Amino acid sequence: MEDLIRQFIPSLNAAVILLSYFGFFSVAGALSPGKIIPGALLQDGTRKYYRCNGLVSLIMLIVLLGIAVSMRLISPTFIVDRGAQLLSTTLAFSLVFSIVLYAAGCMSHEKGSSLKPHTTGNLIHDWWLGIQLNPEIMGVDLKFFFVRAGMMAWLLINLSVLAKSIKDNSLGISMILYQTYCMLYVLDYFWYEECMTSTWDIIAERLGFMLVFGDLVWIPFTFSIQGWWLLRNEVTLPTAAVILNCVIFLIGYRVFRGANKQKHIFKKDPKAPIWGKPPKVIGGKLLASGYWGIARHCNYLGDILLAFAFSLPCGTRSVVPYFYPIYLFILLIWRERRDEARCQEKYKEDWVNYCKVVPWRIFPYVY
């Protein structure tokens with residue numbers, strides 16, 4: 001028991017790995033070529049601009065790590081070997097950094113939408129949800145930086161798990177399916193990174209502990225639970241289960257990517273055709289065509305299907321690998337409720353009309 005507890009104590013080595021990762025990512029993000037994408041128009045009439053070069057940065061990092069592994073400078077399983085320490089160290093960083101964000105926000109006298117402090121007087125609430133929309137350090141947009149760092153870390157953890165599986169001669173179809181799905185998902189995320197600039201997290205959520213923890217701890221360390229579980233559990237899947245799993249992944253990906261892409265295109269050009277037809281728009285701002293004419297949060301449906309596809313390779317012997325899809329289902333239902341309340345306040349009667357045209361929230365004909 002003492003050995004287990006000791007494994008979860010933050011270490012200097014884990015801190016060096018974490019800070020080195022942030023350092024590389026900061027430099028690569030600033031210097032790598034990338035498309036400059038304008039963000040959403042803020043309340044004060046200004047907008048942020050994002051350099052979308054995450055895919056280039058990710059490829060550079062993997063190449064450098066591959067060279068280091070080939071030269072035996074590091075072990076391909078170094079993340080798995082220090083997984084508990086990296087988890088606790090990243091959690092400690094998230095706690096400390098969110099406190100710094102709160103303090104810096106309280107001291108800010110900025111009036112612009114990005115850096116203006118929004119406080120309620122409830123310390124826990126403000127620390128949890130954040131008080132500034134787009135805090136920066138040396139010109140780096142921290143909210144955009146952290147979500148990219150979390151997605152990349154998820155892939156790096158999975159690659160280390162894969163290396164461990166190969167080293168232990170335990171690589172099977174379940175691990176291959178899980179790794180393939182996650183790799184495609186992460187690469188797709190960075191291929192369509194500009195679509196991220198129009199998501200709710202970027203345009204509306206302030207940066208507090210909820211997002212810092214979610215990006216740096218929750219995404220990489222809980223989204224990879226299936227891989228960790230498969231390292232210690234052998235699963236034999238029948239052919240029919242493999243085919244069904246692939247179908248669910250493809251449907252989930254189609255809905256998730258299609259919905260997000262349609263929304264992003266609509267925000268850039270409200271007259272762009274959707275599925276070959278002029279878009280149906282409510283109140284000039286609410287898209288009611290394509291996937292967004294099927295359900296008001298159809299992208300959440302795609303996300304939930306993908307989450308289950310990541311877990312299905314683990315079979316049905318344990319509920320542990322299904323932690324992520326179960327959690328995501330609960331989270332997205334809660335977030336959908338928050339989104340609905342905000343949209344009702346923002347769009348008023350137009351939102352009421354939109355709900356009449358598109359009555360389903362996430363699951364067509366169910367919810």
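Let me start with a word we will need: a residue is called buried when its relative accessible area is under 20%, exposed when that value is over 50%, and partly exposed in between, using a 1.4 Å probe and protein chains only.

Hello everyone. What you see is a predicted model, so local features need a pLDDT of at least 70 and side-chain atom pairs count only at pLDDT 80 or more, while totals for chains, interfaces and linings use all residues. Residues are numbered from 1 along each chain as its sequence is written, and side-chain values use heavy atoms, with hydrogens and water left out.

Let's take the whole chain. How many helices and strands does the protein chain have? There are 15 helices and 6 strands, where helices (H or I, at least four residues) and strands (E, at least two) are DSSP runs numbered from the N terminus. The radius of gyration is 21 Å, close to the 21 Å that the globule rule gives for 367 residues, so the chain is as compact as a globular protein of that length. That radius is taken over C-alpha atoms, and the rule is 2.2 Å times the number of residues to the power 0.38. Along its principal axes, the C-alpha trace spans about 60 × 55 × 40 Å.

Of the 367 residues, 48% are buried. Contact here means heavy atoms within 4.5 Å. Among contacts between residues at least 6 apart in sequence, 76% join residues at least 24 apart.

Now back to glutamine 179. You will find this residue in helix H8, residues 173-191. Setting aside neighbours within four places in sequence, glutamine 179 is in contact with Asn158, Leu159, Val161 and Leu162.

For a contrast, please turn to tyrosine 49 in strand S2, residues 47-52. Is tyrosine 49 buried or exposed? With 54% relative accessibility, tyrosine 49 counts as exposed. Its contacts, again leaving out neighbours within four places, are Ile36, Ile37 and Pro38. From tyrosine 49 to glycine 172 there are 123 residues in sequence and 44 Å in space, C-alpha to C-alpha.

Next, the inside. A nonpolar core is a set of buried Ala, Val, Leu, Ile, Met, Phe, Trp, Tyr and Cys residues joined through side-chain atoms within 4.5 Å. The largest such core has 74 residues, and those with the most contacts inside it are Tyr21, Phe146, Met151, Trp154, Phe190 and Phe310. Which helix gives the most to this core? It is helix H7, residues 142-167, with 14 residues. Why does the core lie between domain 1 and domain 2? Both domain 1 (1-236) and domain 2 (237-366) give residues to it, so it lies between them; the domain bounds come from an automatic or database domain assignment. Apart from this core lies another, of 17 residues, including Ile282, Trp292, Tyr354 and Val358.

Let's zoom in on phenylalanine 146. Not counting residues up to four places away in sequence, phenylalanine 146 touches Phe93, Phe97, Leu207, Val212, Asp215 and Leu216. Ring pairs also link Phe146 into a cluster with Tyr21, Phe22, Phe25, Phe93, Phe97 and Phe145.

That brings us to aromatic pairs. Rings of Phe, Tyr and Trp (its six-membered ring) pair if their centres lie within 6.5 Å; planes under 30 degrees apart count as stacked, over 60 as edge-to-face and the rest as tilted. A search of the whole structure finds 32 aromatic pairs. In one of them, tryptophan 127 and tryptophan 128 have ring centres 6.3 Å apart and planes at 65°, so the pair is edge-to-face. Tryptophan 127 is buried at 18%, whereas tryptophan 128 is partly exposed at 38%.

Tryptophan 275 and tyrosine 291 make another edge-to-face pair, because their centres are 5.0 Å apart and their planes at 70°. Tryptophan 275 sits in the loop between helix H12 (239-268) and strand S5 (281-282), and tyrosine 291 in the loop between strand S6 (286-287) and helix H13 (298-311). Tryptophan 275 is exposed at 51% relative accessibility, while tyrosine 291 is buried at 10%.

Finally, two backbone details. Arginine 72 has a positive phi of about 60° although it is not a glycine, and it is found in the loop between helix H3 (54-70) and helix H4 (78-81). Lysine 348 has a positive phi near 55°, in the loop between helix H14 (323-347) and helix H15 (349-357).
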